[in-house]
Amino acid sequence: HEWYHPQAIAQLHRQAAAWLATHGQVDEALRHLIAIPDLAAAADLVVSQRVAALNGHQFHKLEEWLALLPAALLNQNPALLLGLAWVQDHRLEFTQCLATLQRAEERLHEQAATLSPVTQKLLQVEIVALRTSIDTTLAEAEALSLIQAAWTEVRPYLTYTHCIAVVWLSHTCYRLGGGERALEILLTSFEGTGEWPQMARSRLLYSAGILYWYNCNLAEAER
């Protein structure tokens with residue numbers, strides 16, 4: 001029987017994971033990394049695929065990936081916590097979602113020195129998008145102010161966020177009386193996200209059409 005050194009086996013697992021991830025087989029890539037186990041690399045892989053999963057509305061897939069990670073690791077990573085928060089929001093688990101957002105914001109502040117300014121802005125925008133949509137304790141003026149600030153922050157970096165964050169900012173803005181700003185968020189995002197998958201960009205136009213319909217502007221809604 002041939003004997004392979006554990007480090008050689010681990011390296012084969014990492015090579016397999018890299019190939020699988022490159023070819024879109026994230027589930028199998030994660031299983032190779034967890035088998036070693038290289039949990040830090042597994043967490044990094046989920047973080048790198050999180051936005052794409054949300055742009056594709058793959059909530060179930062994202063939930064499966066997060067479930068493969070130890071809770072202690074998940075709870076130390078603000079991006080992973082935000083992935084969980086979006087899953088909880090999708091499942092209408094708003095109380096749990098708000099608690100997860102609180103943990104994500106705490107980790108974001110604690111790790112500010114290790115995260116790039118752009119990453120911090122993008123994660124904070126997602127927190128705002130979720131919180132303003134479900135936190136009933138927020139005053140309307142405060143929520144609108146948070147949305148406006150978030151839109152200003154994310155606008156130069158739209159390529160790096162996902163359509164759900166943008167749509168949630170827009171719809172909450174509209175619900176709170178900011179109709180013109182809500183449409184600006186959607187239409188400007190559509191123009192600035194040519195790199196997004198077609199499904200994500202279509203979601204922006206569909207959402208804009210709904211807002212036009214709410215405003216009885218049927219010509220624009222149909223267009």
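Biologist: What does the accessible surface of the protein chain come to?
Modeller: About 11,800 Å². Of that, 56% belongs to carbon and sulfur atoms. Keep in mind that this is a predicted model.

Biologist: And how much of the chain is buried?
Modeller: Buried residues make up 42% of the 223 residues.

Biologist: How many helices and how many strands?
Modeller: There are 13 helices and zero strands. Read along the sequence, the pattern is α-α-α-α-α-α-α-α-α-α-α-α-α.

Biologist: What share of the contacts comes from residues 24 or more positions apart?
Modeller: 59%, counting contacts in the chain with a separation of 6 or more.

Biologist: Let's take α7. Which residues does it cover, and how far does it reach?
Modeller: Helix α7 covers residues 94-110, which is 17 residues. From first C-alpha to last it reaches 24 Å, close to the 24 Å expected at 1.5 Å a residue.

Biologist: Which of its residues are buried?
Modeller: In α7 those are Cys97, Thr100, Leu101, Ala104, Glu105, Arg107 and Leu108. Seen down the axis of α7, the buried residues fall within an arc of 160 degrees, so they line one face of the helix.

Biologist: Why would spacing like that matter for a face?
Modeller: An α-helix has 3.6 residues a turn, so residues three or four places apart point the same way.

Biologist: What do the buried residues of α7 pack against?
Modeller: They pack against α6 (78-90) and α8 (117-134).

Biologist: Which residues are exposed on the other side of α7?
Modeller: Thr95, His109 and Glu110.

Biologist: Switching to α3. What span should it have, and what does it have?
Modeller: Helix α3 runs over residues 39-55. At 1.5 Å a residue, its 17 residues should span 24 Å. The end C-alpha atoms are 25 Å apart, which agrees.

Biologist: Where does α3 bend?
Modeller: At Gln49, by about 40 degrees.

Biologist: Which α3 residues are buried?
Modeller: Ala42, Ala43, Leu45, Val46, Arg50, Val51, Ala53, Leu54 and Asn55.

Biologist: What follows α3?
Modeller: His57, with a positive phi near 55 degrees. That is in a residue other than glycine. His57 sits in the loop between α3 and α4 (59-67). It is partly exposed, with a relative accessible area of 30%.

Biologist: What about Leu92, what is its phi?
Modeller: Near 65 degrees, again positive in a residue other than glycine. Leu92 lies in the loop between α6 and α7.

Biologist: Is Leu92 buried or exposed?
Modeller: Exposed, with a relative accessible area of 62%.

Definitions and conventions
Residues are numbered from 1 along each chain as its sequence is written. This is a predicted model: local features need pLDDT of at least 70, side-chain atom pairs count only at pLDDT 80 or more; totals for chains, interfaces and linings use all residues. Side-chain values use heavy atoms; hydrogens and water are left out. Helices (H or I, at least four residues) and strands (E, at least two) are DSSP runs, numbered from the N terminus. The expected span of a helix is 1.5 Å times one less than its number of residues. The bend at a residue is the angle between axes fitted to the seven residues ending there and the seven starting there. Buried means under 20% relative accessible area, exposed over 50%, partly exposed in between (1.4 Å probe, protein chains only). The arc is that of the directions from the helix axis to the C-beta atoms. Contact means heavy atoms within 4.5 Å. Accessible areas come from the Shrake-Rupley method with a 1.4 Å probe; for residues, only the protein chains shown count as cover.
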